[in-house]
2 protein chains.
Amino acid sequence: VVFHTNTLLFSSPPFPVDSPAIAHGLQTVFQEQEMTETLHNTEGRGYLATYVGKNGRFLIVRVHSHGLVTIDLQSSEGDDVVQTDNLLNLLEEKLKDILKGNIKRMKRLPALMRGAQVDRYWPTADGRLVEYDIDELVYEEDSAYQNIKILHSNQFGNILILNGDVNLADSDLAYTQAIMGGGREHYEGKDVLILGGGDGGILCEAVKLKPKMVTMHMRKTCGDVLDNLQGDCYEVLVEDCVPVLKKFAEEGKTFDYVINDLTAVPISTAPEEDSTWEFLRLILDLSIKVLRPNGRYFTQGNCVNLTEALALYEEQLSKLSCPVDFSKEVVCVPSYMELWVFYTVWKK
Amino acid sequence: VVFHTNTLLFSSPPFPVDSPAIAHGLQTVFQEQEMTETLHNTEGRGYLATYVGKNGRFLIVRVHSHGLVTIDLQSSEGDDVVQTDNLLNLLEEKLKDILKGNIKRMKRLPALMRGAQVDRYWPTADGRLVEYDIDELVYEEDSAYQNIKILHSNQFGNILILNGDVNLADSDLAYTQAIMGGGREHYEGKDVLILGGGDGGILCEAVKLKPKMVTMHMRKTCGDVLDNLQGDCYEVLVEDCVPVLKKFAEEGKTFDYVINDLTAVPISTAPEEDSTWEFLRLILDLSIKVLRPNGRYFTQGNCVNLTEALALYEEQLSKLSCPVDFSKEVVCVPSYMELWVFYTVWKK
């Protein structure tokens, strides 16, 4: 089932004609289209009429005070796109006639598609509506921990979406490069610890750089796809990273690089979610503990627009048992449709 | 005037309850909210009811066949966002109760804001709906040629929008680098010709690379901001580039690099628009004529998804009076929210 909504929007300075005159001017179109009108009483909140037409078409005309006219057309899958486009064209022409010369802005937005087999709308971390060019659902499963989806985008390739959050796409080498230090680090002969990183992107890039040893911890949710990945210079541990970090800290095992690629910083900026921040701080504390004096800790932060969440994260950095300094970098990750902040943290 | 639309979408397998039962289940919410109901006759195209409430709120409930429920809430500027969110929360909870265990997908989309002072919706070249984080209209004017807008985005900085097309933002050094050959060229001591490039980005980067001479042609629409830009190694000509290109071709004046940064390839892929393609071919032909044997011609193409338009452009390349070869590169320009194709063209 696909269900389209088209939006047509007119903005004009205080009207030269009144709302009923606008409605009256559009009448001929509705009559031609054999649409049934209903007038709604808004108690002084502008003119509001709805029209039911062929094939389940439903049209909403509102004339707001201060000169805004909105026309919404809802149509169903079986409907003819050319016909519905034509209907909007006719209404557009009529309204241009009626408001002649007094239109400040006119805009028709791309139709919102709902109920389609494949969902194209994956809002950004800062809550903006964005439509992806998704054409296929490659994989979906509810694990014990989260909803896992892989969707195919024509331009970005396969996109991993966890609980509705875009995590990584084939196009996003920029993410992997950024969370490894933006190409400014020398991995050769170094000991590297990756927390999370279930997609394997960091491990894949890291081994190219001839490190001494990469230890990678993944949560069980990543399945057994990477279980066989064990080689001369890397080891994949499919288990919770916290107990392992604790063991390393007790044993005094240390690393040149710790890369935290666990699922994102909670988007909520509510400070009362103490437990989430405490959990993040626990991982941070343990990570810094297993970091060598000249080592670097890398992680992704959040989108640039969520300044409160970023500030809260930086606050955690100031509360660690070992004092640290940090720098940040803003990176464009293609499939994110928003700029993203990455952190580098080191011991003072 | 700001006008919000919220969308709530439920998809469930063939219903365990019928449409009137769903509508009946929601009744208590509408009664509590003192909303006036209208039932619409869709002639067998599912259940459709609308509700007018306080502050001009208007709610549309549709139950489609094959198990799709959509709820749209239109609210006005004066309305309380917490209250309207609450209303949607109540409906969401009720529907979860009614459809218990049979919900396949549930989604609430960010509200579509219409009639706001600053427009946040600038669809991509391939026609997708994307919302920008626009917070200010910096400049707007209708020139003799086009509508010129500069909007401020919190993350991308100022964005130049020509006739509704996102052209370039402060964040988009990637565009300038790509249209100059992706950092693989040596500009030192070279003769460079820029067609268009009114924003000055290419010129700004080019002079850093110590070329022999940069000649830049801009259309008059760019105003006189750059009129004073004349230096040891560059010259800005504010005039139509076609007569100048013809003069150069007649005089036998040639360049190492020709960079075409005129306004974009027409998005329409209709082959009957011969005149547009012929115009583009004229510029291409003249550009290749003034190109030295080992010279490079750079230009931006289109978004990766408009494959037909790209194919048409490449067809033009095969029709030039001087045979050429070309390569292309896909680049992520941050403010575009879609991947973009750039061309390098050279004489065979």
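In which strand of chain A is H64(A) found? H64(A) is part of strand 4 of chain A, where helices (H or I, at least four residues) and strands (E, at least two) are DSSP runs, numbered from the N terminus. With a relative accessible area of 7%, H64(A) is buried; buried means under 20% relative accessible area, exposed over 50%, and partly exposed in between (1.4 Å probe, protein chains only). The side chain of H64(A) is joined to that of T70(A) by a polar contact of 3.3 Å. A polar contact is a pair of N or O atoms within 3.5 Å; within protein, one must be able to donate a hydrogen and the other to accept it, and residues adjacent in sequence count only if both atoms are side-chain atoms.

The model is predicted: local features need pLDDT of at least 70, side-chain atom pairs count only at pLDDT 80 or more, and totals for chains, interfaces and linings use all residues. Residues are numbered from 1 along each chain as its sequence is written, chains are lettered from A and ligands numbered from 1 in the order in which they are written, and side-chain values use heavy atoms, with hydrogens and water left out.

Next comes the interface. Chain A brings 57 residues to the contact and chain B brings 57 residues, contact meaning heavy atoms within 4.5 Å. The size of an interface is often given as the accessible area lost when the parts come together. Between chain A and chain B about 5,100 Å² is buried, and carbon and sulfur atoms give 60% of this area; buried area is the accessible area (1.4 Å probe) that two parts lose on being put together, summed over both. On the side of chain A, the residues that lose the most area to chain B are R114(A), L129(A) and Q155(A), together 12% of what that side buries.

Across this interface there are 24 residue pairs in polar contact, both residues at pLDDT 80 or more. Several elements of chain A give two or more residues to the side that touches chain B, including strand 1 (3–11), strand 4 (58–64) and strand 6. Strand 6 of chain A gives the most, with six residues. The residues of that side divide into 24 nonpolar, 20 polar and 13 charged. Here Ala, Val, Leu, Ile, Met, Phe, Trp, Tyr, Cys and Pro count as nonpolar, Asp, Glu, Lys and Arg as charged, and the others, Gly among them, as polar.

How many salt bridges cross the interface of chain A and chain B? The rule finds six there, a salt bridge being a side-chain nitrogen of Lys or Arg within 4 Å of a carboxyl oxygen of Asp or Glu. R105(B) forms a salt bridge with D119(A), their closest N and O atoms 4.0 Å apart. D119(B) also forms a salt bridge with R105(A), at 4.0 Å between the closest N and O atoms. That pair runs from the loop between strand 6 (105–114) and strand 7 (134–142) of chain B to strand 6 of chain A. D119(B) is buried, at 12% relative accessible area, while R105(A) is partly exposed at 22%.

Over all chains the structure holds 36 salt bridges. Within chain A, E93(A) pairs with K96(A) in a salt bridge at 3.8 Å. Both residues lie in helix 2 (residues 81–98), three residues apart, about one turn of the helix.
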